[in-house]
Amino acid sequence: MGYSVQRFITPVDPNLICGICSSVLEDPVLTPCGHSFCQSCLNTWLLRPRTDTCPECRSHVAKETVKPVLSLRNLINGFDVECDHNVRGCKVIIKLERLKSHLETCGYIPVTCAGCDESVNKFQLASHQIHCEGIAHSVSDDTDEFDGSSTQKRLSHARLSHALTSIDVSELISKMASLEFKVKTLKRDLQIAESKNRVMERAFKKTKEELQNKQSEVIDLNNDFDPDYEYGYTPQSIARLSLLLARFLLKKPAYIDRDKIFTAVRRCYDKYARCGSEFEHDIHMLVATAFASNWFTDDCRTTLHFWLQSIARYRQLTTVSAKYLTSAR
């Protein structure tokens, strides 16, 4: 017979349920056809007359072909369960494999009072016996029979002393069970806290790396980036703008305004594209880099492409004119 499903703290996998008793597997065994049952359940099943088949699939099963499954037993023994005396007040939650040792000292084991035959919890027995009318009557009868006897007085004193000692022991056992439960709860909370801490550490590490990358970008930008977008007003700013675009060709920093950058490229083109060969190469490099980047919209890229074609035509026209002037001389 297996373990009741209700006594387990967490839901049990349906694959760990015995197909005979519908309880969690106890001492699980495996049939040749691959089905698991409680050892006692399957033995009882196979002892029935003319029953040598698997309860699940009706395949032939011989008792000697059944094998114990230690891995399943160890898995189930590691589950948390309630004490057998949970309904009597024991709130201990313990591993299944340690349940037997706990039950030997559990203060909620039902015991019967010798004086009144009332069933009480073990840790309450001593306290109950002190006030038990049955025991009181028994002591009274003994006192009447041996009135004034020093032996009877010593016996009564010994009974009382034993009862008080039992109370102390029972209270200690109860406190130990309560502390054991609290320690288990604290361990579980600690594991949850450690898990959350690991998640936070990973998030912190990721955020730190992102911050370092941002700082690196800012450091790189310090040399080429003009926060006022004053590119194009001096010839030297053309090269700075080209380097800025080339440095972050396919990954524009979020804090750079692409519209202002495009306006700066336009300013450079309008001001220096027709100023002779001295600036022609720089302007060509700037416009080509801007066109190769992914900073701008399709309309802007169309304009950049037009500028490249215009620069090429201007260069070709300049070359033809130079050749014509040379030949004319």
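**Close-up views of a predicted model**

**View 1. Asp-117 is an exposed loop residue with positive phi.** Asp-117 counts as exposed, because its relative accessibility is 60%. The cut-off for that class is over 50%. The residue sits in the loop between strand 6 (110-112) and strand 7 (119-121). Its phi is positive, at about 60°, yet Asp-117 is not a glycine. Most residues other than glycine have a negative phi. The model is predicted.

**View 2. Asp-27 also has a positive phi.** Phi of Asp-27 is near 50°, and this residue too is not glycine. Asp-27 lies in the segment before strand 1 (28-30). Is Asp-27 exposed, partly exposed or buried? Its relative accessibility is 38%, so Asp-27 counts as partly exposed. That class runs between the limits of 20% and 50%.

**View 3. Three strands form an open sheet in the order 2-1-3.** Pairing in this sheet is antiparallel. Strand 2 (36-38) and strand 3 (67-68) stand at the edges. Each has a single partner strand, so one side of each lacks a neighbour in the sheet. Strands of a sheet pair through backbone hydrogen bonds.

View 4. Leu-30 has Lys-67, in strand 3, as its bridge partner.

**View 5. Helix 7 packs against helix 8.** Helix 7 covers residues 236-247, and helix 8 covers residues 258-272. How far apart are their axes? The axes are 11 Å apart, and the helices pack at an angle of about 140°. That angle makes helix 7 oblique to helix 8. Roughly antiparallel would require an angle over 145 degrees. The crossing of helix 7 and helix 8 is left-handed. Helix 7 makes the contact through Ile-238, Leu-241, Leu-244 and Leu-245. Helix 8 contributes Ile-261, Ala-264, Val-265, Cys-268 and Tyr-272.

**View 6. The protein chain holds 10 helices and 7 strands.** Of its 329 residues, 31% are buried. The chain exposes about 21,400 Å². Carbon and sulfur atoms supply 55% of that area. Among contacts between residues at least 6 apart in sequence, 46% join residues at least 24 apart.

Methods. Residues numbered from 1 in each chain as written. Predicted model: local features only at pLDDT ≥ 70, side-chain atom pairs only at ≥ 80, totals over all residues. Heavy atoms only, no water. Helix = DSSP H or I, 4+ residues; strand = E, 2+ residues; numbered from the N terminus. Buried < 20%, exposed > 50% of the residue type's maximum accessible area, 1.4 Å probe, protein only. Contact = heavy atoms within 4.5 Å. Areas by Shrake-Rupley, 256 points an atom, 1.4 Å probe, with all protein chains shown as cover. Pairing = 2+ DSSP bridges. Axes fitted to C-alpha atoms, helices over the stretch in contact; angles between N-to-C directions. Parallel < 35°, antiparallel > 145°, perpendicular 65-115°, else oblique. Left-handed = near helix turned anticlockwise from the far one by under 90°.
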